[in-house]
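Q: I would like to learn how to read the computed features of a protein model. Could we take them one at a time, with the general idea before the case?

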Amino acid sequence: MLTKMIETLKKNPRTIVYTEGTDKRILESAHRLTQEGILGVVLLGKPEEVKAAAKAGNFNIDACQIIDPENYEGIDAMVAEMVKLRKGKMTDEQVRAALSKSNYFGTMLVKMGGADCLLGGATYSTADTVRPALQLIKTKPGNNIVSSCFILVRGDEKIAMGDCAINIDPSEDDLVEIAIESAKTAKIFGIDPQVAFLSYSTLGSGKGEDVDKMRNAAEKTKKAAPNLPIEGELQFDAAVAPRVARTKCPQSEVAGHANTFIFPDINAGNIGYKIAQRMGNFDAYGPILLGLNAPINDLSRGCNASEVYSMAIITAALA
């Protein structure tokens, strides 16, 4: 899946900033990305500490740029820009304190054109990655929320799942954004999106507020994106199994072969993608953050170096 992205990135150079420059997994991925000529890499941290960590792991980071947020020559311009962006919500002193932390500094570096995209979260929480992005990068015009999706790959089979990581209990309107952004991301990964709004009910077989939410969200999305194949609400078996779909919803063009799944809440989404990953032997790429003005992505703190490498390529490809 990454091969085409790598080919594109080699022809169209991009630079990624890593917020955790001394982490062994980050350094290993930075070594691979620069040695293979895929991306430019900015590592945040104290140069002596980053270099010592790289030497200890036998990683070559000579091609990487190392920036110490606490000793950055362009800090005054960055402070002034961030004060403007926060519109009176933070003083000059508070902004300087925030920019001494690599999550805020890295986000502002992207905002000011010093890098094309950012990948963090190897040691930071998701909230620590998303909060600066919301405050500084902000959502795209027409979007009101940041959401996420996972791309799951097993051989030639690829599916998208959203939102599995950000919105705890999305509203109907939130689900519309999640579905449209997930479908856009699916296309980037070569998936022709067939969108299923998942539920414990298939087209009215069950009752309840949660069923109504998914049915209404599906209908709203059909109006907002009339060219996008959508069905809902659907039980998962009706969404993916042609035999079940012929029985439960024979008139549906999506049921039986859906590949982009919209979950009712974060419980279902998080459980769903992890079942696919652990028991279905899918490789899971994500969470890919959706709806922002620039590609900012979050790593799982349990990630390995290979996952960091893959997510860096994905993040840069979104740029």
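A: Start with charge: Lys and Arg count as positive and Asp and Glu as negative, while His and the chain ends are not counted. The place of a charge is taken as NZ of Lys, CZ of Arg, CG of Asp or CD of Glu. In this predicted protein model, the 36 positive and 39 negative charges have mean positions 2 Å apart. Because the model is predicted, local features need pLDDT of at least 70 and side-chain atom pairs count only at pLDDT 80 or more, whereas totals for chains, interfaces and linings use all residues. Residues are numbered from 1 along each chain as its sequence is written, and side-chain values use heavy atoms, with hydrogens and water left out.

Q: How many helices and strands are there in the protein?
A: Helices (H or I, at least four residues) and strands (E, at least two) are DSSP runs, numbered from the N terminus. The protein has 13 helices and eleven strands. Its radius of gyration is 21 Å, close to the 20 Å that the globule rule gives for 319 residues, so the protein is as compact as a globular protein of that length. That radius is taken over C-alpha atoms, and the rule is 2.2 Å times the number of residues to the power 0.38. The C-alpha trace spans about 65 × 45 × 30 Å along the principal axes.

Q: What share of the residues of the protein counts as buried?
A: Buried means under 20% relative accessible area, exposed over 50%, and partly exposed in between (1.4 Å probe, protein chains only). Of the 319 residues, 54% are buried. For contacts, the criterion is heavy atoms within 4.5 Å. Among contacts with a separation of 6 or more, 71% come from residues 24 or more positions apart.

Q: Is Thr107 buried or exposed?
A: Thr107 is buried, with a relative accessible area of 1%. Thr107 sits in helix α6 (residues 102-111). Leaving out residues up to four places away in sequence, Thr107 touches Leu118, Pro132, Ala133, Leu136 and Ile137.

Q: Which backbone angles deserve a look?
A: Most residues other than glycine have a negative phi, and most peptide bonds are trans. Here a cis peptide bond joins Gly232 and Glu233, with omega about 10 degrees; Glu233 belongs to strand β8 (residues 230-234). The bond from Gly286 to Pro287 is also cis, with omega near 5 degrees, and Pro287 is in strand β10.

Q: Where is Lys87 found?
A: Lys87 lies in the loop between α4 (75-86) and α5 (92-99). Its phi is positive, near 50 degrees, and at 69% relative accessibility Lys87 counts as exposed. Lys138, in the loop between α7 (126-137) and β5, has a positive phi near 70 degrees. At 29% relative accessibility, Lys138 is partly exposed.
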